[in-house]
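Thank you all for coming; I would like to walk you through one model this morning, going slowly enough that you can follow along on the screen. Please have the sequence and the structure open as I speak.

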Amino acid sequence: MTVAPAVEAVELAKHFGANRAVDGVSFVVPSGTVLGLLGPNGAGKTTLVRMLTTLSVPTSGTGRVAGFDIREQPNDVRRSMGLTGQAATVDEILTGRENLKLIGGLYGLSRKYVRETTEYLFDRFDLTAAADRAAKTYSGGMRRRLDLAVSLLAAPPILFLDEPTTGLDPHSRSGLWEVLRDLVREGTTLVLTTQYLEEADHLADEIVVVDKGRVIAAGTPTQLKDRAGQASVVVTLTSAADLDDAAELMRSQSPEVHVEPGSRRLTAKADGLGDMTRIAAVFESSGIAIDDLGLARPSLDDVFLHLTGHRAEVLPGADPTTQGVPQ
Amino acid sequence: MTATEIAPAPRRIRPEISPPTLLRASATIVWRNLVHIRRMPEMLLDVTVQSVMFVLLFAYVFGGAIAVAGTDYKEFLLPGIMVQTMVFSAAIVAMGLTSDLQKGIVDRFKSLPIPRSAVLVGRSISSLIHSSIGVAVMAVTGLLIGWRMRNGLLDAALAFLLLLLFGFAVIWLGIWVGSLMRTVEAVQGFMFTVMFPLTFVANTFAPPESMPSWLRAIAEWNPVSAVTQACRELWGNGLPASADAAWPLQHPVLMSIAWSLVLTAVFAPLAVSAFRRRSRD
């Protein structure tokens with residue numbers, strides 16, 4: 001049996017006058033997986049999500065959500081998905097609880113269901129203590145969680161998230177990632193947009209890189225990293241005194257060895273795990289003590305630079321050394 | 001292929017979603033707007049404290065200086081100032097709509113399986129409730145300072161119905177402006193620039209007979225004047241329009257209904273298409 005994909009974009013395009021915000025984008029999201037739409041500001045990610053969630057009418061092309069056509073069956077699409085927009089669109093004057101009551105009323109859900117589900121979601125998202133406070137008193141992270149609770153009230157099988165962690169501090173961000181991973185474990189399909197490579201790398205099964213309204217690359221995070229160039233084996237010695245011996249040893253295994261003078265670290269181009277285990281075995285038998293040995297793939301940032309010619313955004317508060325920030 | 005075959009069973013069971021009727025969806029949005037008013041009573045200042053203030057200011061500051069044939073100025077004033085309050089519903093609806101569009105609330109509503117017109121209907125009904133509070137406050141203030149409805153219950157009620165009908169008609173203008181403009185500040189500036197001449201170049205606060213003839217013609221054909229004149233006659237506040245007044249003032253009840261229909265016919269299509277256009281992108 002073939003299973004229909006949860007979300008599908010078919011040559012989707014949206015033109016605002018001469019501006020081709022989205023210019024023929026296609027992708028498929030299998031049920032129960034996470035698609036990351038990655039791209040810089042203004043790449044067309046939000047417009048894509050707005051079209052797939054029926055907020056914006058495509059100039060051409062179409063899409064399907066839960067098997068329903070976004071042009072022909074918009075109300076069925078709206079019944080099958082939840083949306084958490086870029087600006088947390090909660091009603092600031094209503095309390096957290098009232099926000100869910102409002103949306104429950106608009107879905108036509110029973111009062112009993114809304115009451116019980118609100119308890120459940122607030123408990124899960126750590127909002128119970130703030131449930132009866134006006135949403136304008138919430139912190140950024142709480143607002144996002146409330147927005148997410150609102151989107152999840154009707155337990156949609158498919159959830160769209162437009163830059164869900166933009167503007168959040170690192171703590172709130174990792175909390176939200178946790179929540180999203182739980183949803184995926186329960187079988188929810190996620191489509192999320194992000195400017196952050198780290199976020200796409202953490203959450204997405206499949207990444208579609210968008211720039212200037214077009215898809216410039218697609219694949220799993222590993223596939224994309226492989227495209228940016230070769231992997232390498234990085235060896236950290238216990239003592240810097242062994243540097244020359246170690247370099248000679250590695251040259252016997254790899255044609256291109258790089259030694260960082262004054263450090264304990266050597267790098268060798270490698271084709272993959274096979275090369276790594278071979279080098280590990282050679283060190284094992286040589287008796288040179290090592291602290292660490294590992295395979296380093298190019299970061300997604302290298303991929304991004306390679307594909308778009310410019311660097312991606314760096315997560316605010318992230319450790320720059322793990323992000324490959326230009327020096 | 002149906003949706004249930006696609007999604008692997010989540011731990012939580014999907015609830016029964018029964019897409020609400022226009023009535024239920026609009027009622028939910030009205031509930032939300034009324035909670036806003038309850039939370040921020042200062043939103044009602046324009047129709048509570050200000051209503052009392054304007055009635056008293058006009059009655060006692062201008063009242064002595066403006067001579068009105070056949071009646072006391074307070075009697076003349078009340079119908080006019082109530083019509084003005086209803087006309088300002090357009091500004092209230094426009095500001096509310098722009099604010100919801102700006103904050104993404106309208107997007108949230110549009111992502112739900114509800115009739116899209118519920119956003120407008122809900123907004124309109126809550127604005128009419130808002131303005132009606134103002135009219136009620138003015139009526140009570142008026143009764144306290146000597147204004148009376150002298151022609152019985154039926155005529156009195158008919159006048160209030162005409163006010164509501166006219167309020168409903170001008171709300172389309174508000175939705176049109178609210179859908180076209182980007183910020184609440186812009187809406188506020190624009191609406192007040194339009195609303196003040198619209199409600200002052202009329203028979204609301206002074207008899208048009210004393211205006212220059214070209215201005216008097218505008219004032220007498222102003223829809224606001226017909227509604228004001230209709231209320232005055234139904235409540236027994238002063239004399240019928242003078243014999244040389246323009247035709248609409250000779251048939252004010254009929255013209256109040258006609259103007260309301262004409263305004264709706266002109267502005268409703270403009271409003272709906274502007275809102276749709278705004279909602280397509």
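Let me begin with how chain A is held together: of its contacts with a separation of 6 or more, 66% are between residues 24 or more positions apart, where a contact means heavy atoms within 4.5 Å. For chain B the corresponding share is 81%.

Before going further, please keep in mind that this is a predicted model, in which local features need pLDDT of at least 70 and side-chain atom pairs count only at pLDDT 80 or more, while totals for chains, interfaces and linings use all residues. Residues are numbered from 1 along each chain as its sequence is written, chains are lettered from A and ligands numbered from 1 in the order in which they are written, and side-chain values use heavy atoms, with hydrogens and water left out.

Staying with chain A, we find eleven helices and 14 strands, helices here being DSSP runs of H or I of at least four residues and strands runs of E of at least two, both numbered from the N terminus. Its C-alpha atoms fill a box of roughly 75 × 45 × 45 Å along the principal axes, and of its 327 residues 54% are buried, where buried means under 20% relative accessible area, exposed means over 50%, and partly exposed is in between, with a 1.4 Å probe and protein chains only. The accessible surface of chain A is about 13800 Å², with 50% of it belonging to carbon and sulfur atoms; such areas come from the Shrake-Rupley method with a 1.4 Å probe, and for residues only the protein chains shown count as cover.

The domain assignment divides chain A into domain 1, residues 7-219, and domain 2, residues 227-299, the bounds coming from an automatic or database assignment. The C-alpha centres of domain 1 and domain 2 of chain A are 43 Å apart.

Now to one helix in particular. Helix 10 of chain A, residues 273-286, has 14 residues and reaches 20 Å from its first C-alpha to its last, close to the 20 Å expected at 1.5 Å a residue, the expected span being 1.5 Å times one less than the number of residues. Which residues of helix 10 of chain A are buried? They are Asp275(A), Met276(A), Ile279(A), Val282(A) and Phe283(A). Seen down the axis of helix 10 of chain A, the buried residues fall within an arc of 125°, so they line one face of the helix; the arc is that of the directions from the helix axis to the C-beta atoms. As a reminder, an α-helix has 3.6 residues a turn, so residues three or four places apart point the same way. Among the elements covering the buried residues of helix 10 of chain A are strand 11 (231-237), helix 9 (243-251), strand 13 (265-270) and strand 14 (290-296) of chain A. On the face turned away from the buried side, helix 10 of chain A carries the exposed residues Leu273(A), Glu284(A) and Ser285(A). After helix 10 of chain A comes Gly287(A), with a positive phi near 85°.

Glu163(A), in the loop between strand 7 (158-162) and helix 6 (170-185) of chain A, has a positive phi near 45°, and Glu163(A) is buried at a relative accessible area of 4%. Lys212(A), in the loop between strand 9 (206-211) and strand 10 (214-219) of chain A, has a positive phi near 50°, but Lys212(A) is exposed, with a relative accessible area of 62%.

Let me turn to chain B, which has 13 helices and zero strands. Along its principal axes the C-alpha trace of chain B spans about 80 × 35 × 35 Å, and buried residues make up 52% of its 281 residues. Chain B exposes about 12500 Å², of which carbon and sulfur atoms supply 71%.

From the record, an unreviewed UniProt entry places the feature "domain: ABC transmembrane type-2" at residues 42-278 of chain B; UniProt positions are given in the numbering used here, feature names are shortened, and annotations may be inferred rather than shown by experiment. In the model, residues 42-278 of chain B are 74% helix and 0% strand.

Finally, is Ser225(B) buried or exposed? Ser225(B), which is in helix 11 (residues 223-235) of chain B, counts as buried at 0% relative accessibility. Leaving out residues up to four places away in sequence, Ser225(B) touches Ala202(B), Asn203(B), Ala219(B), Glu220(B) and Leu249(B).
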